[in-house]
Amino acid sequence: MGTLREEDFEVLREPLESGRQSRESISVVLILGIFLQALMFAINYYLAAPYSLFPFKEEIINIHFWLTVTIIGLSIVYSIPFVYKRSERIQYALSILVSHNVGSISFLIISLFTIGLEDEGLTNNEYALLQITYVILAVALFLFILIMARYYILLKKGDYRKGTQKEEQRNELANMSFVPKVVLIGGAVFILITKWISHNSNYYDSSTPGILVLGMIVFYAMIAVLPEQLIILYCKCKYKSFNFNERGYLYSIGKQEVKRKQRVEA
């Protein structure tokens with residue numbers, strides 16, 4: 001991205017301008033993330049792992065435990081104003097870790113453990129379970145590369161500059177006008193996939209395939225979000241205009257400082 005200019009990323013400043021990703025908002029997310037991460041780990045450890053034949057499950061749970069403890073400890077530190085006002089880039093990077101520990105990692109573990117449930121599930125063969133894992137991760141990597149490449153092409157074309165169609169699309173996205181359609185279509189797809197798995201597996205409880213499908217949906221949705229998070233982190237490290245000053249004002253691309261736009265309450 002070395003050939004791109006600051007103006008090429010300007011539309012991506014919108015979450016910062018609106019206050020959704022201000023330092024104060026992220027500190028709230030970090031605090032909520034403490035409880036969500038603990039909850040997701042408890043679900044993995046007490047509800048999923050004991051009944052799964054997935055290979056290396058003890059090692060996975062152990063690594064996930066220490067990862068969660070570390071992130072929670074850092075979240076406590078970087079939710080303190082004195083700390084995050086002096087290192088907001090680290091705070092933003094930590095928020096990415098929190099979101100993916102709750103979404104990507106936890107839901108992936110739940111799904112993998114559900115696939116290999118004892119006496120039921122899709123398969124109890126350890127080799128098959130590892131092969132399924134490799135396929136899931138390979139698809140995730142391909143999705144990440146594809147979306148990152150798309151961002152790079154659009155940035156090179158100038159589609160993320162101010163006044164472009166992409167800005168209008170992101171404003172519509174912020175208004176959440178698409179939610180009813182997504183819920184309707186996504187709900188229908190979710191039900192169809194869940195029913196197909198129920199009819200072609202050994203699950204005793206009809207809700208278990210739903211957990212598997214939901215876990216995979218959340219996992220891939222978080223992978224799709226990751227490229228933009230990393231691009232914004234890149235911009236925060238490279239450009240002053242993606243950061244806030246001591247008083248909570250977002251630096252502008254020019255020399256002046258502009259205050260964050262407040263979200264309009266509906």
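**Exercise 1. The kink in helix 5**

Task: In this predicted model, locate the kink in helix 5 and give its angle. Then state how the span of helix 5 compares with the expected value.

Solution: 
- Step 1. The kink is centred on H100. Its angle is about 45 degrees.
- Step 2. Helix 5 covers residues 88-115, which makes 28 residues.
- Step 3. From first C-alpha to last, helix 5 reaches 39 Å. At 1.5 Å a residue, 40 Å is expected, so the span is close to that value.

**Exercise 2. Helix 5 against helix 6**

Task: Describe how the axes of helix 5 and helix 6 are arranged.

Solution: 
- Step 1. Two packed helices are described by the angle and the distance between their axes.
- Step 2. The axes of helix 5 and helix 6 come within 10 Å. They cross at roughly 150 degrees.
- Step 3. Angles over 145 degrees count as roughly antiparallel. Helix 5 and helix 6 are therefore roughly antiparallel to each other.
- Step 4. The crossing of helix 5 and helix 6 is right-handed.

**Exercise 3. The nonpolar cores**

Task: Which residues touch the most other members of the largest nonpolar core, and which elements give two or more residues to this core?

Solution: 
- Step 1. The largest nonpolar core holds 28 residues. F9, L12, Y160, I231 and F242 touch the most other members.
- Step 2. Two or more residues come from each of helix 2 (23-48), helix 5, helix 6 (126-157) and helix 9 (207-238).
- Step 3. Helix 9 gives the largest share of this core, 5 residues.
- Step 4. A second, separate core has 21 residues. Among them are F41, F54, I136 and Y203.

**Exercise 4. The order of elements**

Task: How many helices and strands are in the chain, and in what pattern do they follow?

Solution: 
- Step 1. The chain has 9 helices and 2 strands.
- Step 2. Along the sequence the pattern reads α-α-α-α-α-α-α-α-α-β-β.

Conventions
Residues are numbered from 1 along each chain as its sequence is written. This is a predicted model: local features need pLDDT of at least 70, side-chain atom pairs count only at pLDDT 80 or more; totals for chains, interfaces and linings use all residues. Side-chain values use heavy atoms; hydrogens and water are left out. Helices (H or I, at least four residues) and strands (E, at least two) are DSSP runs, numbered from the N terminus. The bend at a residue is the angle between axes fitted to the seven residues ending there and the seven starting there. A nonpolar core is a set of buried Ala, Val, Leu, Ile, Met, Phe, Trp, Tyr and Cys residues joined through side-chain atoms within 4.5 Å. Buried means under 20% relative accessible area, exposed over 50%, partly exposed in between (1.4 Å probe, protein chains only). Axes are lines fitted to C-alpha atoms, for helices over the stretch in contact, and angles run from 0 to 180 degrees between N-to-C directions. Angles under 35 degrees count as roughly parallel, over 145 as roughly antiparallel, 65 to 115 as roughly perpendicular and the rest as oblique. A crossing is left-handed if the near helix is turned anticlockwise from the far one by less than a right angle, and right-handed if clockwise.
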